[in-house]
Amino acid sequence: MASNVEMVKSKKPLQEKSKFQANIEDWKLSFKKYKILYLLLIPFITWYILFQYKPMMGLIIAFQDYSVFKGIAGSEFVGFKNFIDFFGGDYFWRTFRNTLLIGIYGLIFAFPAPILLALLLNEVKNKYFRSTVQTLTYLPYFVSTVVVVGIVINFLSPSTGVVNMFIEKLGFERIYFLTQPEYFRTIYILTMEIWKTIGYTAIVYIAAIAGVNPSLYEAATMDGASRIKQMFHITIPSILPTIMIMLILNIGNILSVGYEAIILLYQPSTYETADVISTYVYRAGLQNGQYDIATVADLFNAVVGLILVLGANKLSKKLTNNGLW
Amino acid sequence: MTTNYILLGILAILCFYPFVYVFSASFSSGKAIAEGSVWLWPVDFNIESYKQVFTHPGIWIAFGNTIFYTVVGVAVSLFFTICGAYPLSKRDLKGKGFIAFFIALTMWFNAGMVPTYLNFVGLNLLDTRTGIIMGFALSTFNVFILRTFFQSLPESLEESAKMDGANDWQILWKIILPLTKPALITIGLFYGVSRWNGYFWAMVLLKDENKIPLQVLLQKLIIEMNIEQQFSIVNAGIYSQETIIYATIIFSTLPIVILYPFLQKHFKKGAVVGSIKE
């Protein structure tokens, strides 16, 4: 009897050593073991706080009538006024429409292109041909955006550009491509999103295709399936998870990365189709100093991007039971 | 099957031909370009355009700046990346999950153009080389790639070193880093290409003409086309606006092309790891 009571008494303190205390002890152990590593983490985390998270505080200017002289602390809080100005303003519909259209065209044409390249390369038996094609298609990625745009501008020049020389030889009239809004999207997607990146992006898919179990192909060949049938029924379904992950990773970017190139390629006469939300942010914000409304536009862009990423992740889970999270 | 070869062949040519043209055109006369006689080989071979480019003072300053930003930038980036990737690769480091989430968030959501710019202003880093080097030191993507490499090293390596009395610092320097050299080279190249080609924030943040890198100078020349102000187009037949632009393009792209086989090998490795890392 007495011993039982003592056992009960001695059990209680053990359970009261709560999760909290166990946690603290874990931390102490970790600090002791990894002292130096925690020290290393300090500059690392500081960088993120200083250059990634601290700027986020600046988002408050979307709700302010911001003046550079008054700074964030001194500028007047105006609630959603800037939002109303942006959504009701002259530029919202144009920039939103262009952002969506370029994004959708990019999805339809630029996203599948590297997949196609990887699939075609997979069918090539000749090692030398395959590696030559890979080497050559890979090259444009390493050339800077400025240089590629420089090449595009000069090739499309109405007076000395190769493209127009070629058009003239065929008997047609020269076209001043870069001043006409109807050509902009095509030029941008073809050069920046396809030509520049197709070889580089294809590598991820080539690696994925290489990872497919060869016995699947052997079995299919024995069943008499043609190479094309094998591509559709084995290769593509096998790399579908990779395709979905790439989709999720890229879909957020589709809205924003392009602006570095678009800024170099567009001009006032093509703003109608070329001006996207990010280029508007650059013009209104960094060039014209309308910091507050530009921040609203950027915020809107980021939110739309986030929605797309979440949507893509859901789609990926539905199609392949696999998502980024 | 042959259609496959033809399609791929056309694509490869399309990817390569522009460079062939630019190369040949840079050695041709302005007159020949205007007449459309240049297709594959230089016409009226001359190196006048290059002479013009090499004697432009701004070019060498910009070139020097690019080298500075690239070399110092990669060193700084590697330092910070190792500082993050190595601790995060330890399985029982308390807090690693939270930190990983903390930095992963920045891959999808960042403050945006204007707040980022104002942040630089607030930190007094506007128009400074330090701003360019420090402000863009880390790529979260690269941190995760390096972390994966560190994770692939066997734990027994460290354990035996610790038993021999080594502390974490010595382990990192003498054992781990030498073993991950290929990964470090790959990540270094990722950062390097990004630095060499980077133009947007350099353009936005730098006002002093002595601090701008090559790509920003190119942007002024090629896009803003103020060639006439910068070069004296006296002899318009031998060289022209176009030939000078093409020569400048070759000049700024040559280092990349020379390093290309090297870059290709390591980028392929990196892309494979990056895609399988999950």
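Predicted model: local features only at pLDDT ≥ 70, side-chain atom pairs only at ≥ 80, totals over all residues.
Residues are numbered from 1 along each chain as its sequence is written, with chains lettered from A in the order in which they are written. Local features need pLDDT of at least 70 and side-chain atom pairs pLDDT 80 or more, while totals for chains, interfaces and linings use all residues.

**Exercise 1. Describe the overall form of chain A.**

Step 1. Chain A contains 18 helices and 2 strands; these are DSSP runs, helices being H or I of at least four residues and strands E of at least two, numbered from the N terminus.

Step 2. Along the principal axes, the C-alpha atoms of chain A fill a box of roughly 110 × 75 × 40 Å.

Step 3. Chain A is divided into domain 1 (19-62) and domain 2 (81-320), with bounds from an automatic or database domain assignment. Their centres, taken over C-alpha atoms, are 37 Å apart.

**Exercise 2. Describe how helix 5 and helix 18 of chain A pack.**

Step 1. The axes of helix 5 (residues 81-88) and helix 18 (residues 291-320) of chain A come within 9 Å and cross at roughly 70 degrees. Axes are lines fitted to C-alpha atoms over the stretch in contact, and angles run from 0 to 180 degrees between N-to-C directions.

Step 2. Helix 5 of chain A is therefore roughly perpendicular to helix 18 of chain A, a class that spans 65 to 115 degrees.

Step 3. Asn82(A), Phe83(A), Asp85(A) and Phe86(A) of helix 5 meet Asp292(A), Ile293(A), Val296(A) and Ala297(A) of helix 18. Contact requires C-beta atoms, placed from the backbone, within 7 Å.

**Exercise 3. Identify the buried residues of helix 7 of chain A and what covers them.**

Step 1. In helix 7 (residues 112-122) of chain A, Pro114(A), Ile115(A), Leu117(A), Ala118(A), Leu119(A) and Leu121(A) are buried (20 or more other C-beta atoms within 10 Å of the residue's own, all placed from the backbone).

Step 2. The cover includes helix 8 (127-142), helix 12 (198-210) and helix 14 (227-251) of chain A, together with helix 1 (2-26) of chain B.

**Exercise 4. Characterise the interface from the side of chain B.**

Step 1. Contacts join 68 residues of chain B to 70 residues of chain A.

Step 2. Helix 15 (residues 241-276) of chain B supplies the largest share of the chain B side, 13 residues.

Terms used: Contact = placed C-beta atoms within 7 Å. Buried ≥ 20, exposed ≤ 12 C-beta atoms within 10 Å, placed from the backbone. Parallel < 35°, antiparallel > 145°, perpendicular 65-115°, else oblique.
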